[in-house]
Amino acid sequence: MLSTMFSRKASLKGVLLAMLLITNMFLSRKGVSSSPICPNGTDNCQVSLGDLFDRAVKLSHYIHSLSAEMFNEFDERYAQGRGFIAKAINSCHTSSLTTPEGKEQAQQIHHGDLLDLVLSVLRSWNDPLLHLVSEVQRIEEAPDTILWKAMEIEEQNKKLLEGMEKIVGRVHPGSLSNEVFSTWSELPSLQLADEDSRLFGFYNLLHCLRRDSHKIDNYLKLLKCRLIHDSNC
């Protein structure tokens, strides 16, 4: 009985330490994204288009930074020597969306189409990010930092989507669509009994998240230059 009490205390201590770690990380980095896109709410948004773009660009860069860190951490801890990268090429659920691969290609796309593409990619990540947060907790000995980043990215992706919907409403009033162009159906891959297969499911999802968040970051910087005529571009 005594050993059981010590075990429970140790387990509780571990949980508390994990919560403390996550809280400290959250507070130290939350300053990047603590302000809502529209402080007065989306229905009464008084933020200028230039400021909306500034906030969206900073938020997208923050999301991409977290995505890259999370992928690298997962890769180092779980993917070494498993040959995952060869299988992950061109297997993202958003591959059905035609996206420009570089700045030159993106510059050839009308800004309205590029805005719609950003919305489509962001919406396509709502469902996978939700399940990533719940399923990553099932990985044995998963670092708390990976869980925290998954939670943070899910929250900030919703905030960025909200901001982009507001931007599209300003640039092209009345043209906003709620359609999602690419659905995710890979939840079973995160729940497989075979460890290698399950870890590849996570690896592939994080690989795609890093890729898409990088594209969104680049597209928003380009759109800001086009539509705001930023002197720093």
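A disulfide is here a pair of cysteine sulfur atoms within 2.5 Å. By this rule there is one disulfide. The model is a predicted one, in which local features need pLDDT of at least 70 and side-chain atom pairs count only at pLDDT 80 or more, while totals for chains, interfaces and linings use all residues. Residues are numbered from 1 along each chain as its sequence is written, and side-chain values use heavy atoms, with hydrogens and water left out.

**First selection: the disulfide**

Select Cys 92 and Cys 208, which the disulfide joins with an S to S distance of 2.1 Å. The link of Cys 92 and Cys 208 is left-handed, with -95 degrees about the S-S bond. The pair connects distant parts of the chain, 116 residues apart: Cys 92 lies in the loop between helix 3 (84-88) and helix 4 (103-107), and Cys 208 in helix 8. Helices are DSSP runs of H or I with at least four residues, strands are runs of E with at least two, and both are numbered from the N terminus.

Are these cysteines buried or exposed? Buried means under 20% relative accessible area, exposed over 50%, and partly exposed in between (1.4 Å probe, protein chains only). Cys 92 is buried, at 7% relative accessible area, and Cys 208 is buried at 1%.

**Second selection: the whole chain**

Now display the protein chain as a cartoon. The protein chain has eight helices and zero strands. Of its 233 residues, 43% count as buried. Among contacts (heavy atoms within 4.5 Å) with a separation of 6 or more, 84% are between residues 24 or more positions apart.

A cavity is a set of points, on a 1 Å grid over the protein atoms alone, where a 1.4 Å probe fits but cannot get out; lining residues have an atom within 4 Å of a point. A volume is the space filled by probe spheres set on the points, which are joined across faces, edges and corners. One cavity of 30 Å³ or more is counted, and the largest cavity holds about 90 Å³ of space.

Select Ile 63, Leu 122, Asn 157, Ser 213 and Ile 216, which lie nearest the centre of the largest cavity among its 14 lining residues. The elements that give two or more residues to this lining are helix 2 (49-79), helix 5 (111-124), helix 7 (144-171) and helix 8 (195-228). Finish on helix 8, which gives the largest share of the lining, four residues.

How values were computed. On a 1 Å grid over the protein atoms alone, a cavity is a set of points where a 1.4 Å probe fits but cannot get out, and a pocket is an open set with protein on both sides within 12 Å along at least five of seven lines; lining residues have an atom within 4 Å of a point.
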